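Here is a brisk report on one predicted model. It covers cores, a helix and pockets.

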Amino acid sequence: MVLVGFIHDLGNCLCLYGEPQWGVVGDTFPVGCAWSGQVVFPKYFSRNPDANVPDCQTTHGTYKRNCGLENVHMSFGHDGYIAQVMKPYLSDEAIYMLRFHSFYGWHRPGAYQYLENEKDKARWSG
Ligand SMILES: [Fe+2]
């Protein structure tokens, strides 16, 4: 966990290689289902093409209830990038922390709980 703490934001280095800041930093959220009001500024997603896909605008969207967060496609950001880079080197638990550390809607207000499986619930409660 200490190691993850040191490296968790290294994915932000993508900005140094030309990726736009809006596509790298900030919170992450599931794609393929309705955006929770707990996502930061979801009202600005109107230009996202998913807004016009009815299957992506229902609560469960393209997912089955309790499918598990590891089976959910998340918006791109520094979390997913560093998780992919470190996948061959770190434990499953460490990769999980890297991948979801900016999933604020799930962390604090508890949005998207319908996507959690038992593994997610156990990891969250410790
Ligand atoms: Fe971060």
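A nonpolar core is a set of buried Ala, Val, Leu, Ile, Met, Phe, Trp, Tyr and Cys residues joined through side-chain atoms within 4.5 Å. Buried means under 20% relative accessible area, exposed over 50%, and partly exposed in between, with a 1.4 Å probe and protein chains only.

The model is predicted: local features need pLDDT of at least 70, side-chain atom pairs count only at pLDDT 80 or more, and totals for chains, interfaces and linings use all residues. Residues are numbered from 1 along each chain as its sequence is written, and side-chain values use heavy atoms, with hydrogens and water left out.

**Cores.** The largest nonpolar core holds 18 residues. Leu69, Val72, Phe103, Tyr112 and Leu115 make the most contacts inside it. Contact here means heavy atoms within 4.5 Å. Beyond four places in sequence, tyrosine 112 touches Phe29, Pro30, Cys33, Ala34, Trp35, Ser36, Val39 and Phe103. Another core, of 9 residues, lies apart from the largest one. Val4, Ile7, Ile82 and Ala94 are among its members.

**Helix H2.** Helices are DSSP runs (H or I, at least four residues), as are strands (E, at least two), numbered from the N terminus. H2 spans residues 78-86, and His78, Asp79, Ile82, Ala83 and Met86 are buried in it. Seen down the axis, these buried residues fall within an arc of 130°, so they line one face of the helix. The arc is that of the directions from the helix axis to the C-beta atoms. Their cover includes helix H1 (2-7) and helix H3 (92-100).

Histidine 78 counts as buried because its relative accessibility is 4%. Its contacts beyond four places in sequence are His8, Asp9, Gly11, Asn12, Val24, Val25, Gly26, His101 and Ser102.

**Pockets.** On a 1 Å grid over the protein atoms alone, a pocket is an open set of points where a 1.4 Å probe fits, with protein on both sides within 12 Å along at least five of seven lines; lining residues have an atom within 4 Å of a point. Grid points are joined across faces, edges and corners, and a volume is the space filled by probe spheres set on the points.

| Pocket | Volume |
|---|---|
| Largest pocket | about 360 Å³ |
| Second largest pocket | about 300 Å³ |

Of the 17 residues lining the second largest pocket, Ala83, Gln84, Lys87, Ile95 and Arg99 are closest to its centre. H2 and H3 each give two or more residues to that lining. H3 gives the most, with 5 residues.

The largest pocket has 16 lining residues, and Trp22, Gly23, Val25, Asp27 and Phe29 lie nearest its centre.
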